[in-house]
Amino acid sequence: MDQVYGPDPRAIFQAAVSAVSPATLVNRAIHYDPFDGIVTVQGVKYFVNHNVKVVAFGKAVLGMLGALERLLGDHIVEGVASIPSGSLGLAKLHHPEWLPVKDSRVRIYEGAPRNIADCIAEQAARDVLQLVQSSGDQDLLIVLISGGGSALLPCPVEGVSLDEKRKGSQLLAKAGATIHDINNFRKCISMVKGGKLAEAAYPKKLLALILSDVIGDPLDVIASGPTVPNTTPTQEVLRTIDNYGVREAMPNSIIHHLQHTHTTPISHPLVEQVFRKVQNVIIGNNQTATSAAADRARELGYTTYVWSHRVQGEARTIGELYARVAMALVSSSPCPTSSLSPDGFCATPGLAEDLERLCSSLPSLCPHLPLCIIGAGEPTVMLRGAGRGGRSQELALAVAVWLDRLVGGKPLGVMPHDIIQFLSAGTDGEDGPCDAAGGIVGVGVVRKAGDQGIDPQAHLDDNDSYGFFSKLCEGICHIRTGLTGTNVMDVHVLCINMALP
């Protein structure tokens, strides 16, 4: 394999990440007039006069914070930020533009290594809550939120420990719960999530600038919705726990809390009164990233098609889907939706529409090779084994396995290894509890692994995609970016470079 495997997909992915630079997005979202002391965001005006307090949590908020401090200067009088472990060191070495100003008044906590809540993140969350509660009525609270905010703002309700909350989340994740299910669970056992941060801030004005890492940008789901009303009844969370069969293993403190707590309806007058003081603004999302990726692909000479921003489902199943799309394109064969859909695959309504549109577009796309198909979203992993990895690496490995199956016995001399290349990677630079962002594969990856005595299917069965990519050609197919300072879910890049002879 080449020294740098898949340079085009890598360049396309990097363009996607660069487009969602937090500093760029903050400066685009806020207009500040220093002469009048007026901040304007989407037509809403705020008067600033040394009365701004900032709280920030998420994988992208360090760069957001630095940009905000440079914009508003000493009008920011206090703040608390919760960012991933290692972020400051990475910024000092590679991204000094992310760093807070020299005389920053914002206390920064680095916690939640590998996106797992810890005691440092919990202390940060409690400091955030205390700052919000103690602010004056004339203060403007600016809340910076991005993906990873849930793990970086753990503040369990009284009677539930952080370990118990973490165990509950892990039980649901291992049972195959969606990120929406897990976030609903977190909201109902938190003192800050599910709108409780906004409730603690009332009657102060609160401006939330949000970098979305969730399909469709639902405000109540991003970072578990700390600044929007909670619409999830606790009884629904209990039903979710039962549906995934984890009630017996769930800590008793959590079950007790859910059984004795009720969510206030969103239409309640007090809820409406609180959230009239809140402005939530999405400043960037995965569409921002895929648009830039498509532009870069066109610069590299590809005909480009962005097929979906809402790719979700089990990673292995989505991997089979991408492999079938790739083989349909190189074969220039008619492709009804039914022939692409893996057995048992049940797409969400939005994804089903996107897939139908892609299938209908394939005949017109096939004559225009090289071709780049771009997708984005957040698949899930059903844990069956004891290996290491994340959804992007597992998705890429599944694509490799399915490409090998679909190619069958066709000699690779007839099919160059770069005829199909597929990349899946997290825009935050992390994929699960490991130091890789994702992986890149092609037609010959499985057979190359076999030459090295590596069994791809065994690694897939053991959820050990990280182990697979680490061993294969000394990691040449791993995507390693380090922490990127942003987070808008995962980006998928499928490059088709030629048709079968």
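Analyst: Helices here are DSSP runs of H or I with at least four residues, strands are E runs of at least two, and both are numbered from the N terminus. This is a predicted model, so local features need pLDDT of at least 70 and side-chain atom pairs 80 or more, while totals for chains, interfaces and linings use all residues. Residues are numbered from 1 along each chain as its sequence is written, and side-chain values use heavy atoms, leaving out hydrogens and water.

User: What volume does the largest pocket have?
Analyst: The largest pocket holds about 1,400 Å³ of space. Of its 50 lining residues, Asn115, Ala173, Arg391, Gly432 and Pro433 are the closest to its centre. A pocket is an open set of points on a 1 Å grid over the protein atoms alone, with protein on both sides within 12 Å along at least five of seven lines; a cavity is a set where a 1.4 Å probe fits but cannot get out, and lining residues have an atom within 4 Å of a point. Points are joined across faces, edges and corners, and a volume is the space filled by probe spheres set on them.

User: OK, and how many cavities of 30 Å³ or more are there?
Analyst: Two, from a search of the whole structure. The largest cavity has about 90 Å³ of space. Strand 5 (76-84) and helix 4 (87-94) are the elements giving two or more residues to its lining.

User: Which residues line the second largest cavity?
Analyst: Lys59, Pro84, Ala112, Asn115, Leu152 and Glu430 do. The second largest cavity has a volume of about 30 Å³.

User: Switching topic: at what angle do helix 10 and helix 11 pack?
Analyst: About 140 degrees, with their axes 9 Å apart. Axes are lines fitted to C-alpha atoms over the stretch in contact, and angles run from 0 to 180 degrees between N-to-C directions. Helix 10 and helix 11 are therefore oblique to each other; under 35 degrees is roughly parallel, over 145 roughly antiparallel, 65 to 115 roughly perpendicular, and the rest oblique.

User: Last one: which residue does Arg298 form a salt bridge with?
Analyst: Asp295, with the closest N and O atoms 2.8 Å apart. A salt bridge is a side-chain nitrogen of Lys or Arg within 4 Å of a carboxyl oxygen of Asp or Glu. Arg298 and Asp295 are separated by about one helical turn because they sit three residues apart in helix 13 (residues 286-299).
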